[in-house]
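Here is a quick tour of one model, with a few spots worth a look. Have the structure open as you read.

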Amino acid sequence: MDRECVSLLPRVCEVLRGSGSSLPDDTSLEKLLDWFTGLTEAGGSVQETCPCLLEFISAVVLQTSSDPGVICFTLKLSGLIAATEDGFKTLQGSVLDMAFNPQHWRDAGLWEDPCIRIGWIQGLRNMLQHSKAFTFFVQADFLVPLLQLQTDSSLFVASAANQTLAHTLIFFQPGCDGTFKDHGKVKRTQTSITDVEPSSQDYSAVLGTISQFLKESLLPKENTRLHQSQQILKLLALLLARARQPLRDKLLGTVADSLEELVAAGYSQLTLPLMDIILAAYSSSSTDDCVPDQRVTRLLSSMLNITKPSDLIGAAAAFLRGGRHHQDTVHTARAVRILLLPLHIITGQTLLGTDTTGEEHHFSIAEQLKIKTSCISMICVCLTHTPPITLMPRDSLPCPPVSIITAVLSLLRIVSGDSSSLSSGCSEVFRNLVGSGKVQKCALEVLTGLSSSPGMKDKLTEVVTVLIQYLNNPDSDPTVIHKSYQALLKWMSVCEGVSLLTEKLKQDLIDVVKKRACDMRWEVRDSTVEFLGKLAGVLKQGEETCDALLGGCWSTPLLREALQDPESYVRASAIAALAQTLEHSWHQGAAVTQEQTDVVTRLLEILSQDTEGFARRAVVQYFIAWFSSRSSHTSPLSCPSSSSSSSSSSSFLRMNSVSSVLSLGSADLDWEVKVHTLELAELLMDEACSGHRGYRKGSETPPALRHPYAGISDQTLGEGVESDVAGALSNLVEQGVVSALLSGLVDCDRPVGLKACQLLITLRETVCPRPPLDAPPATATVAKVSCELPGCGWGREVRKIPGMKRFDRVKEADIAHRTRCAEVGTEVASEGGDSVCVGVCDMLRSLGLDEKLDILSQSSDHVHNSALSLLQDILTASAAHTQQDAEPGQEVIVDCY
């Protein structure tokens, strides 16, 4: 522990003991407790390192006048110290007895405060890590108040009590052979626990009391007490999920009859908690490789026979969602039939086959579907589970998976107003479903998931037809249209494009996309251009473009038009879609068209003029995608002008625009734009330097190589290689890569500075490695490459770096600038001084990059995010509070991490 922290802690304890009202914020005590917890987990002894804590605990427990938050903290801290046997012995006696005696806090009038009860519960849990604490827990009869808190009016208190009671039973539960095992020993130091086995008699007494409590508390005395039954069911599910034999068997034996009574009572609010218990029992039995208990199987059968339709469907959905269906094929088949029944009733599709299992619920579910709220709710639950149902083994399904897809398509038609797909006698259901946005969205999501079902290719034409109808429907809201596009993309991707579609369907799709690209709602336009980009990505697998497959060049003009959209989200999506659409031609190395030239011109305008960051970020990412997809591979360390003639026009346009992108991007006000600009600069570095054997990508530079005294290879550059390196470095300077990196290095945003620093270190180690001690200095071609540092902006900030002061030209420029400032005034000062040229290699070695990287690699709050800062903040806030009492209106702002 830091010595300064230890010295401050007594004063902090004095402040907390006096009053908690002066704390910097509500989380200060939790952070302080986290610090002590970390010290304990690291093997330290809090009571030995910080002896003042023992006096603090005694004082708070005895005087009871402290703030409830401080008392809560004290109880948790007491439990944390007592979690080891040494700490328990230190606190054993009056301190622990009084701290965890509920009557003590009742007499003080504090027990009604949930904060005190939470502290008591969590303090107990912290302490219950060894047998002595368990014995203390039993002898002090703390089990009684802990059981009372299981159904506390505060959900936070009740939940914490559930967790602590479950921890007590599970942590000390005996193994299958009846012996006790320490399940938490690995988390504590070996010397802290010498005897972890509790008395079997004590444990049996605790188990018996808890079992009786569960049995009596499960059944509600009246409907208004159902929330208590819910809490007990949560506790039971928690226990069964983690219990092993013989504990699990004893718990089930105790509560089985009460659970069956609850199922028979038919409380809708308890359906899901009861299913959680069944699934927890299934889960724990599978862990022990046991057959599910017959009592659990019987409960499940009862749950899948509930008379209330909504509860029945909820139980079936919970069972399938629990993922235990592979163990129980009988109940799985029944749950599947229950979930398919509403679709079977509404659409008239034969989904249940000839088996009559589940037909007894046909009438009740049909009647429930006539009520609008329950109809929509039930349909959405059933729909959500259809994709996993279609992937089940064939013997669990009452119909082919294709029939389920057909039923979902029929439902989509019904919801859009097509009554021809409706089953006879369901006119009331039809009125409930027509125009329901919730059912539309759910069904479209499900249709997307059904694209991986067996036999789905046979349904492609029908699926696309329905989706085009939805896209064409003037009543479809933006979310429905977006989900229709998503479903369309998914089905086209799994069916390998649109080659299976008829020409009429292709034309219908083109027409509706063109229509939606001009929609009045920006969300629809955004979804449309996004669809075009993703469609190009889906279809490029077949080496055919979106335009070719859908008949003619029509998508690119739509996207170019979207670049003028008044909404920035649409402009950004259009830029991303253009990158995806044109990627195929980039890979082919095709000659640049006038259209592509116009696109680049427009993108540079957006980067320099657009007021929204979304579009500007998309522009830089467009150029990143363009450079990443280059099909022509230049030779290592070669100039871009050496590209093959087939792609010379493309290379010319690319290289002509890159300087503008780097210049504009590095000067942008949006930090994400600047980071993307540095990513583009990294691509250019990769292209220029990837052939050099010492080159590593900036993000891959191992820490050891970044240290100024790390071992460096003794390679020396041959004359030819050095010439290539010099040429590559000159190109990086001319393209603006070096300027972009230097600008990023002095940027005020840490992610930008960090990325730039990493890339500059990579460049330094590649083009000007440190030579051996006996070698001549690098005065050859590489050392002659220079770059210009402007007299203002980032150039001036770079020149302020201490290592740069040794350059004569920098000194002269600064002196001349100061002289003019003195003669002319402040106007010249704001304009900056003269530009200077410096050698790139010398500059890279003078920037102090390794030290700067160490600083930038730390989080921005590394100084404040510490225990020392927390303690200082508490003391500062206390002083400010005292000062405010004397001088009202004064405020001291503290920085509590």
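## Salt bridges

A salt bridge here is a side-chain nitrogen of Lys or Arg within 4 Å of a carboxyl oxygen of Asp or Glu. One thing to keep in mind: this is a predicted model. Searching the whole structure by that rule turns up 30 salt bridges.

Take Glu-682 and Lys-755, whose closest N and O atoms sit 2.7 Å apart in a salt bridge. Glu-682 belongs to helix H36 (residues 671–689) and Lys-755 to helix H40 (residues 750–767), so this pair ties together parts that are 73 residues apart in sequence. Both Glu-682 and Lys-755 are buried. Another pair to click on is Glu-765 with Arg-764, a salt bridge with its closest N and O atoms 2.7 Å apart. Here too, both Glu-765 and Arg-764 are buried.

Within it, Lys-459 and Glu-462 form a salt bridge, and their closest N and O atoms are 2.6 Å apart. How exposed are these two? Lys-459 has 11% relative accessibility, so it counts as buried. Glu-462 comes out at 22%, so it counts as partly exposed; the cut-off for buried is under 20% relative accessible area.

## One side of H31

Now over to helix H31, which spans residues 555–562. Its buried residues are Ser-555, Thr-556, Leu-558, Leu-559 and Ala-562. Why do they end up on the same side of H31? Because they cover an arc of only 160 degrees around the axis. As background, an α-helix has 3.6 residues a turn, so residues three or four places apart point the same way.

E1 runs antiparallel to strand E2 (residues 836–839), and four bridges join them. If you start from Ser-786, its bridge partner in E2 is Gly-839.

## Cysteines

How many disulfides are there? The count comes to zero, with a disulfide taken as a pair of cysteine sulfur atoms within 2.5 Å. Cys-837 is in no disulfide, and the nearest cysteine sulfur, that of Cys-787, is 7.7 Å away. With a relative accessible area of 37%, Cys-837 is partly exposed. Cys-757, on the other hand, counts as buried, at 0% relative accessibility.

How values were computed: Residues numbered from 1 in each chain as written. Predicted model: local features only at pLDDT ≥ 70, side-chain atom pairs only at ≥ 80, totals over all residues. Heavy atoms only, no water. Buried < 20%, exposed > 50% of the residue type's maximum accessible area, 1.4 Å probe, protein only. Helix = DSSP H or I, 4+ residues; strand = E, 2+ residues; numbered from the N terminus. Arc of directions from axis to C-beta. Pairing = 2+ DSSP bridges.
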